Amino acid sequence: LTPATVSNNTIVGAVSGSTAAGGNNTIMGAGSFAAVSTAVTDVVGVGNGVLTGALTTGANGTVAIGSGSSTALTSGAGNTSVGFQAGNILTTGSSNTIVGYDADGSAAARSGCVILGRGASAAADDTLVIRMGNTSTKEIVVTPVTDATARATLVTYLPISVGGTTYYLELWQT
């Protein structure tokens with residue numbers, strides 16, 4: 001890395017870093033962050049082979065922790081991927097929080113998701129997925145509904161406590 005093209009970077013690992021790395025990046029792991037094509041800033045990568053896609057300035061503010069995480073990312077900003085191969089399908093998707101072994105969005109442009117658990121995957125933008133165990137049969141998936149369609153049958157109420165106050169979420173069966 002040359003001082004003329006980068007500033008405030010910490011890059012540790014064989015074949016890691018790039019002369020177009022930008023500034024305020026912290027990268028630790030062999031073969032990581034080496035294909036940066038334009039100045040990327042405020043990126044954290046820890047693990048073998050993280051952030052190996054052709055990153056552009058659109059990927060600013062990304063965090064990837066775990067070997068092979070966020071390997072295809074190019075321009076998606078504000079993503080956090082934690083776990084072995086977590087977030088490795090994303091290329092342009094942004095504002096995702098992905099935690100778990102091989103957890104990911106189901107598409108390269110998936111955005112606005114919170115994906116937790118081994119092998120968990122979000123099939124739509126702005127979705128919460130929580131997977132317990134390693135099969136989809138033990139999964140909670142929440143995707144906001146924007147229509148006002150009447151629901152067939154009210155099944156139950158789900159209590160949710162926030163700051164000492166309990167709210168009840170209606171669960172309808174269609």
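Predicted model: local features only at pLDDT ≥ 70, side-chain atom pairs only at ≥ 80, totals over all residues.

Colleague: How many bridges join strand E14 to strand E15, and do they run parallel or antiparallel?

Modeller: Strand E14 (residues 153–162) and strand E15 (residues 165–173) run antiparallel and are joined by 9 bridges. The two form a hairpin with 2 residues between them. In that turn, Gly163 has a positive phi of about 60°.

Colleague: What does a positive phi tell me in other residues?

Modeller: Asn24 sits in the loop between strand E3 (22–23) and strand E4 (26–28), and is partly exposed at 42% relative accessibility. Asp102, also not a glycine, has a positive phi of about 60°. Its place is the loop between strand E8 (97–99) and E9, where Asp102 is partly exposed with a relative accessible area of 35%.

Colleague: How many helices and strands does the chain have?

Modeller: There are 0 helices and 15 strands. The C-alpha trace spans about 65 × 35 × 30 Å along its principal axes. Of the 174 residues in the chain, 32% are buried. The accessible surface comes to about 8,800 Å², and carbon and sulfur atoms account for 59% of that.

Colleague: What can I learn from contacts between residues at least 6 apart in sequence?

Modeller: They show how far along the sequence the contacts reach. In this chain, 0% of such contacts join residues at least 24 apart.

Colleague: Is Thr62 buried or exposed?

Modeller: A residue counts as buried under 20% relative accessible area. Thr62 has 1%, so it is buried. Thr62 lies in the loop between strand E5 (44–46) and strand E6 (63–65), and its side chain reaches the backbone oxygen of Ala59 at 2.7 Å. Beyond its neighbours within four places in sequence, Thr62 is in contact with several residues, including Asp42, Val44, Leu51, Leu73 and Asn79.

Colleague: Where is Val44, and which nonpolar patch is it part of?

Modeller: Val44 is in strand E5 and counts as partly exposed at 30% relative accessibility. Val44 belongs to a nonpolar surface patch with Val12, Met28, Val46, Ile65, Val82 and Val99. Together these residues have about 460 Å² of accessible area.

Colleague: Let's turn to charges. How many salt bridges does a search of the whole structure find?

Modeller: The search finds 2 salt bridges. In one, the side chains of Asp125 and Arg110 meet at 3.1 Å, N to O. This pair links distant parts of the chain, with the residues 15 apart. Asp125 is in the loop between strand E11 (121–122) and strand E12 (128–131), while Arg110 is in the loop between strand E9 (104–105) and strand E10 (114–116). Asp125 is partly exposed, with a relative accessible area of 36%, whereas Arg110 is buried at 12%.

Colleague: Which residue forms a salt bridge with Arg131?

Modeller: That is Glu139, and the closest N and O atoms of the pair are 2.7 Å apart. When reading such a pair, check the cover on each side. Glu139 is partly exposed with a relative accessible area of 24%, while Arg131 counts as buried at 15% relative accessibility.

Conventions: Residues numbered from 1 in each chain as written. Heavy atoms only, no water. Helix = DSSP H or I, 4+ residues; strand = E, 2+ residues; numbered from the N terminus. Buried < 20%, exposed > 50% of the residue type's maximum accessible area, 1.4 Å probe, protein only. Polar contact = N/O pair within 3.5 Å; in protein donor to acceptor, adjacent residues only side chain to side chain. Contact = heavy atoms within 4.5 Å. Patch = residues over 30% accessible without salt bridge, like charges linked within 9 Å, V, L, I, M, F, W, Y side chains within 5 Å. Areas by Shrake-Rupley, 256 points an atom, 1.4 Å probe, with all protein chains shown as cover. Salt bridge = Lys/Arg side-chain N within 4 Å of Asp/Glu carboxyl O. Pairing = 2+ DSSP bridges.
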